[in-house]
Amino acid sequence: MFSDLPFMKSYCCTFLFILFSIICRSQDLIRPGEVWPDTEGKHINAHGGSIINFKGTWYWFGESRLPRTETDRTNYGVGCYSSRDLITWKNEGLALRVINDTANLLQPGCVIERPKVIFNRKTRKFVMWFHHELKGLGYKAAMTGVAVSDNITGPYKYLRSLRPNAGTWPVNFTDEQKVYPVKDGDLKSWTDEWKLAVKDGLFVRRDFEGGQMARDMTLFVDKNGKAYHVHSAEENMTLHFSELTDDYLDFTGKYYRVLPGESNEAPALFFARGKYFMFTSGTTGWNPNPGRIAVADKITGEWKSLGNPCRGTEEENKITFGSQSTFVLPLNQEKNIFVYMGDRWTPRNLADSRHIWLPVKWEDGMPVIRWQSELNINNLK
Ligand code: GAL
């Protein structure tokens, strides 16, 4: 019996080695739609987010939603996680936190969505913009907030919230559109004439004095360092591409209407193969809808819709694999390797919403996405 011992030992070693390799390998994979534990074993609470690389480390910013068990509403804001490999993420805590003061717009009870962070090379500061809804007003305020920090992980100093571009017309707005006679309230919503009037700038004129609406949003820094704040405006009917000042802390007043009247939300932009691309969704709240992809030669347009980028079953395409776009991660710009990042929202417990990361593939020059239950982020082509 004891003569079997060396054999048993080597058998056990081989078994342990295989088990160990399986565990190691499985940790190299991202599993869209599953719980994604951080280094403390908790699901990554960074939704509607974005990622930037700074000095070789990745930083993921997103909505840190209050878990259902959390009663302290001051524990709310923008979460930040760091990683060297995009797989293992360390919670760096709240980069921006609500301010416990009822005189402050950023007080507990307000809503912070889709935060994005960019680095300003001139000022060496990190700038965060986010969709900001005020306490007790539902989604009426439609504002955007800005915060700044010397350190990437924060704490970010909240500067202010506003509706952009008050008192200025879009660059691509005609003189006729500025004086078009139809006013908000003249027409019944969703009739053909109303849709036409919206396309012709009904809400731009309505919001001219107070500033344009800013709900779902993203930031995009162009090759020349100019940054754009891209936001759903005009009651979510039209996207506005609003130029930011050189320090990225304000609007210059120069803005462009993009895909007027086409109801786009969840914009996620990237530059590839000499063109600008943008994933968006339709406007169905937390419920997923058919994704969309648009293309342009210049960031300011003309933007052209290319249709639905999903390449799955009919059912999957109708709901973008159960996701809504939030960001495109440029993994390797030279080799054209990009990852689509989306949210699979769980409205009754937003903290538990799942992350849907899928490689961006190409089909006749058009970016497309296919479902993958596992993603080897280090081996994308
Ligand atoms: C979605 C939007 C989300 C959130 C949600 C609220 O359309 O993309 O960021 O605002 O509506 O219902």
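**Ligand shell and antiparallel sheet**

In this predicted model, a side-chain N or O atom of Gln324 lies 2.9 Å from an oxygen atom of the ligand, a polar contact being a pair of N or O atoms within 3.5 Å. Of the surface that the ligand exposes when taken alone, 310 Å², the protein buries 89% (accessible areas by the Shrake-Rupley method with a 1.4 Å probe). The side chain of Glu113 places an N or O atom 2.6 Å from a ligand oxygen, and for Asp216 the separation between a polar side-chain atom and an oxygen of the ligand is 2.5 Å.

Elsewhere, 4 strands form an open antiparallel sheet in the order β2-β3-β4-β5. Strands are DSSP runs (E, at least two residues) numbered from the N terminus, and two of them pair if DSSP finds at least two bridges between them. Because β2 (47–54) and β5 (90–97) each have a single partner strand, one side of each edge strand lacks a neighbour in the sheet. β2 pairs with β3 (residues 57–64) in the antiparallel sense over 6 bridges, and Ile51 stands opposite Trp60 in β3.

Residues are numbered from 1 along each chain as its sequence is written. Local features need pLDDT of at least 70, side-chain atom pairs count only at pLDDT 80 or more, and totals for chains, interfaces and linings use all residues, while side-chain values use heavy atoms, without hydrogens and water.

Definitions and conventions. A polar contact is a pair of N or O atoms within 3.5 Å; within protein, one must be able to donate a hydrogen and the other to accept it, and residues adjacent in sequence count only if both atoms are side-chain atoms.
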